[in-house]
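Here is a short note on the structure shown below. Please read the points with the sequence and the model side by side.

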Protein chains: 2
Amino acid sequence: MMAKTKTDMREAVMTAARATVQSHGYNALSFRELAKEVGIKSASVHYHFPTKGDLGAALARRYTEEGAAYLAEILASSEDATWRMDRYTEIFRSALANDNRMCLCGIMSAELDDLPTEVRTEVDKFAAMNVGWLAKVLSRVRPSASDQDLQEHAMATFAAIEGAQLVARGCRDIGIYDRTIRAYRATGLFP
Amino acid sequence: MMAKTKTDMREAVMTAARATVQSHGYNALSFRELAKEVGIKSASVHYHFPTKGDLGAALARRYTEEGAAYLAEILASSEDATWRMDRYTEIFRSALANDNRMCLCGIMSAELDDLPTEVRTEVDKFAAMNVGWLAKVLSRVRPSASDQDLQEHAMATFAAIEGAQLVARGCRDIGIYDRTIRAYRATGLFP
DNA sequence: ACCTGAACACCGTTCAAGT
DNA sequence: ACCTGAACACCGTTCAAGT
């Protein structure tokens, strides 16, 4: 039997689309441009993703899935909270290092009012997934804290890191991200 | 002599455009839509603002000017750092309270790669203006800190607050903003 | 000085038609 | 099952023309 050499167009479209969104946002996604990149016509892209909202939601869903898998690995690798937070902040750093890109869901949050509801739902799930993970990490450091307090602290940590990425990106200066994360830690916002 | 009753179209366009950007971002700005709102044709909008970049830059420039004026008032009104930070965080809160809007320059940062250079320049100036102000406020609380440290601390504070706004907006829940700001203060990130 | 209509190359989406 | 061309109503921009 032959190996499956045939390019999976659906996958090719998603890969190209994800890069565009992380660099330019959801609004900048163009079916015609995408079609050109993968070598089909724009009407054919609609065969795989009936609307732009379907494509956006699929992107966000996969982004959350992949993120959750990686975060689970981090949890399994070490119990040290500082090490875990090092890995976590590195994720957002590497997006900036990679051509000044942003967290897919962070950039989509900014475009919120333009997003179809399917996409919004997935963006919400990404934030919830991250906050849940952070609360787990923080609970090791603050074993006596209430669930409510941990949730708030985790939300604040997530927001602070997203903000550091947003501002550093705006200034096109990854050093700003590094210094901001250091300042967060110096004040004790997270381990 | 008659009062100047004639509507200043340039001003009308800017007012409508600013509301659109804070709600939907720079990409969502449409000259045709804007023209409809103020009662002229889209070609006439181009008379006042030759390109969309000119309009975006004019919006950001004025936003920074108005912000700087308000922040100067806060500085003049009281020397209390906590009171000053209360007023500062309130600014970002009121954007959310006003129809889930965002900081004009925060939302533009997310769209950075789509922005013409004139607009980017103005977005940078807004961030620098805010960080400068915050450094001044923080210097009262940390009189022995170096300029370098104050600048980093101010940048971290700015990024954290922008992030709180971004995430709360993404979740369409102003309570998240309030709780996040409270958590920042609980850890001592700012007064 | 300010506004307009018409044209240009773009966009997402639909649909009947091809293989 | 997957792709296409043609059409639709949108977009920013340009420009010659009006007052």
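**Notes on chain A**

1. From the N terminus on, chain A runs α-α-α-α-α-α-α-α-α. That comes to 9 helices and 0 strands. Keep in mind that this is a predicted model.

2. On dimensions, the C-alpha trace of chain A spans about 55 × 45 × 30 Å along its principal axes.

3. Chain A has 191 residues, and 51% of them count as buried. The chain exposes about 8,600 Å², of which carbon and sulfur atoms supply 51%.

4. The side chains of chain A include 24 positive and 25 negative ones. The centres of these two sets lie 4 Å apart.

5. One stretch carries a label from a record: the unreviewed UniProt entry annotates residues 30-49 of chain A as "DNA-binding region". In the model, residues 30-49 of chain A are 75% helix and 0% strand.

6. Is Ser109(A) buried or exposed? Ser109(A) counts as buried because its relative accessibility is 9%, and the cut-off for buried is under 20%. This residue sits in helix H6 of chain A, which covers residues 104-110.

7. Which residues does Ser109(A) touch, leaving aside its neighbours within four places in sequence? In chain A, the contact is with Val123(A). In chain B, Ser109(A) is in contact with Leu166(B), Arg169(B) and Gly170(B).

Definitions and conventions: Residues are numbered from 1 along each chain as its sequence is written. Chains are lettered from A and ligands numbered from 1 in the order in which they are written. This is a predicted model: local features need pLDDT of at least 70, side-chain atom pairs count only at pLDDT 80 or more; totals for chains, interfaces and linings use all residues. Side-chain values use heavy atoms; hydrogens and water are left out. UniProt positions are given in the numbering used here, feature names are shortened, and annotations may be inferred rather than shown by experiment. Helices (H or I, at least four residues) and strands (E, at least two) are DSSP runs, numbered from the N terminus. Buried means under 20% relative accessible area, exposed over 50%, partly exposed in between (1.4 Å probe, protein chains only). Accessible areas come from the Shrake-Rupley method with a 1.4 Å probe; for residues, only the protein chains shown count as cover. Lys and Arg count as positive and Asp and Glu as negative; His and the chain ends are not counted. The place of a charge is taken as NZ of Lys, CZ of Arg, CG of Asp or CD of Glu. Contact means heavy atoms within 4.5 Å.
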